[in-house]
Amino acid sequence: MLVEDSLVVRQLLAHIVGRDPRLTLVAAVASAEEALEQIAVVRPDVISMDIRLPGIDGLEATRRIMAEHPTPIVVVADAVEDSSLRISMNALRAGALSVVEKPVATTHSGYDAVAGEICTQLRIMAQVPVIRRRPIGSEWAGRRAAARSASEAAPEAAPSDRPTVLAIAASTGGPPALARVIGALPEDFTLPVLVVQHMGAAFMEGFAAWLNGVVALPVSVAVDGERAEGGRVYVAPGDRHLEIGAGGILRILDSAPVGGQRPAATVLFRSVARQAGRAGIGVLLTGMGEDGALGLLDMQRAGAQTIAEHESTAVVYGMPAAAVRLSAARSVLPLDRVAGEILRSVSPDQPA
C-alpha cells in the first residue's frame, strides 16, 4: 500500500513499485484516513508511508496502524526538510521500520539509486514480523531518572578497572532502540558514546538532531580529528566509517564498505578493541544482516564487556544473533536491561 498525498509522487511511486516483479501494488491512497479505512480490506504486507499528509499526518497514522493493524511501515520522506526528518524519526519510534528518501523526477541523476532503495526496503521490511504497539507516554524521563539514581548510588570503580569508551551499533529498528538505551543513561555519564546506525546518508544529520532531542546526553555527528569527550554521543556520518584512534581522536574514513555496510559496526568495534582493549564496552542492537558480530568478537577477545540485544526485544534479530552464534557477547539482554548493564560495567559494584 502506498500512502502519499501528492498525485505526482504517488504515481511515481506506483511506477517504481510496478517495475519490480517481486512487488504488487494493492492500494495507493492520498491520505491517512483512506489508508486506515482500507488496510483491513486489502491487508498489505508492507506500507510506504508519506509523513506530511493532510488531516492525520504520517506519524499519527503509524501510531494507529501499529495499535490496530500492525503492519511493516517504510517511511518515505524528504531528506532535506527538518520538520519532515523530525516526524520521520518519531515515526520510527512509533513502530515504523525504516526511512528512505522520497523519489524525484525520473530524469534526476539519483533517481535509479533512490528507486532501487525504495523497492529493496519494501521487499525486506515486508518479511519483518511486527507486533501491536501502544502509546509509551513519559517512559524516557522515567528511565533517565532511574538510571541517574542507580548511578549516583553506585560506588566508584578503581581507575584501572574503569571503561573509557562505549560503542553502540544498530540497523533496522535502531533509532528507537538507541533512544531507549542512550536515553536511560544519566546526564553525568562519564564515557564518550560512539554510534553506528545504518541509515541513508541523507538522513544522518536529521537522525543525530532527533536523538539529541530525546536523550539527556548531547548528540552530534562525528567530525574527523575531534577528541571524543565523556558524556557526549558521536554518530557516524552518512556513508563513512567511524573509528576511535590513539588518544581518543575520532577518525572518519571513506574506505570500502565492510560486509556491504558503510558505516560498518565491525569497523567501529575493531577500532575500540585496538585502542581500548579491556576498557571498552560494545553493544550490538537490532538489525538485519551480520554487521558488527566479528567486531564485537574482537572486542570480547580483547577483554571488553560486550552486550547483544536479546531476541525477545529485537525488531530484527539478525546482527545480535550473529554475535551470539560467534559467542561474541558476554551478555545477551532484553533492551530494557542494556543500560543497566552498561552502568554496572562502568561501576562494577552496582547492584543488579
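**Reading a predicted model**

Mentor: Start with Ser327, which sits in the loop between helix H11 (319-325) and strand S14 (331-333). Keep in mind that this is a predicted model.

Trainee: What is the phi of Ser327?

Mentor: The general idea comes first: most residues other than glycine have a negative phi. Ser327 is not a glycine, yet its phi is positive, about 55°.

Trainee: Is Ser327 buried or exposed?

Mentor: Ser327 counts as exposed because its relative accessibility is 51%, and the cut-off for exposed is over 50%.

Trainee: Where is Asp239, and what is its phi?

Mentor: Asp239 is in the loop between strand S9 (233-235) and strand S10 (241-244). Its phi is near 60°, again a positive value in a residue other than glycine. Asp239 has a relative accessible area of 34%, so it is partly exposed.

Trainee: Which peptide bond here is cis?

Mentor: In general, most peptide bonds are trans. Here the bond from Arg262 to Pro263 is cis, with omega near 5°. Pro263 belongs to the loop between strand S11 (250-253) and H9.

Trainee: How do I read the packing of H9 and H10?

Mentor: Two packed helices are described by the angle between their axes and by the distance between the axes. For helix H9 (residues 265-276) and helix H10 (residues 293-301), the axes come within 7 Å and cross at roughly 10°. H9 is therefore roughly parallel to H10, since angles under 35 degrees count that way.

Trainee: Which residues of H9 and H10 meet?

Mentor: From H9, Thr266, Phe269, Arg270, Val272 and Ala273 take part. On the H10 side, they meet Ala293, Leu294, Gly295, Leu296, Asp298 and Met299. The residues of this contact divide into 7 nonpolar, 2 polar and 2 charged.

Trainee: How many of the residues of H12 are buried?

Mentor: A residue is buried when its relative accessible area is under 20%. In helix H12 (residues 335-346), 9 of the 12 residues are buried, and the helix is mostly covered. Among the buried residues are Leu335, Val338, Ala339 and Leu343, and also Glu341 and Arg344. Leu343 lies 7.8 Å from Leu185, C-alpha to C-alpha, although the two are 158 residues apart in sequence.

Trainee: Where is Leu185, and is it buried or exposed?

Mentor: Leu185 is in the loop between helix H7 (174-183) and strand S7 (193-197). Leu185 counts as buried because its relative accessibility is 0%.

Trainee: What is Ser88 in contact with?

Mentor: Ser88 lies in helix H4 (residues 82-94). Its relative accessible area is 0%, so Ser88 is buried. Leaving aside neighbours within four places in sequence, Ser88 is in contact with Ile51, Val75, Ala77 and Val99.

Trainee: What lines the largest pocket?

Mentor: The largest pocket has a volume of about 750 Å³. Its lining has 32 residues, and Glu117, Gln121, His198, Met199 and Gly200 lie nearest the centre. The elements that give two or more residues to the lining are strand S5 (98-101) and helix H5 (111-125). H5 gives the most, with 7 residues. By type, the lining divides into 16 nonpolar, 12 polar and 4 charged residues.

Trainee: How many helices and strands does the protein chain have?

Mentor: The protein chain has 12 helices and 14 strands. Of its 352 residues, 54% count as buried. Among contacts between residues at least 6 apart in sequence, 71% join residues at least 24 apart.

How values were computed
Residues numbered from 1 in each chain as written. Predicted model: local features only at pLDDT ≥ 70, side-chain atom pairs only at ≥ 80, totals over all residues. Heavy atoms only, no water. Helix = DSSP H or I, 4+ residues; strand = E, 2+ residues; numbered from the N terminus. Buried < 20%, exposed > 50% of the residue type's maximum accessible area, 1.4 Å probe, protein only. 1 Å grid on protein atoms, 1.4 Å probe; cavity = no way out; pocket = protein on both sides within 12 Å on 5 of 7 lines; lining within 4 Å. Points joined across faces, edges and corners; volume = space filled by probe spheres on them. Nonpolar A, V, L, I, M, F, W, Y, C, P; charged D, E, K, R; others polar. Axes fitted to C-alpha atoms, helices over the stretch in contact; angles between N-to-C directions. Parallel < 35°, antiparallel > 145°, perpendicular 65-115°, else oblique. Contact = heavy atoms within 4.5 Å.
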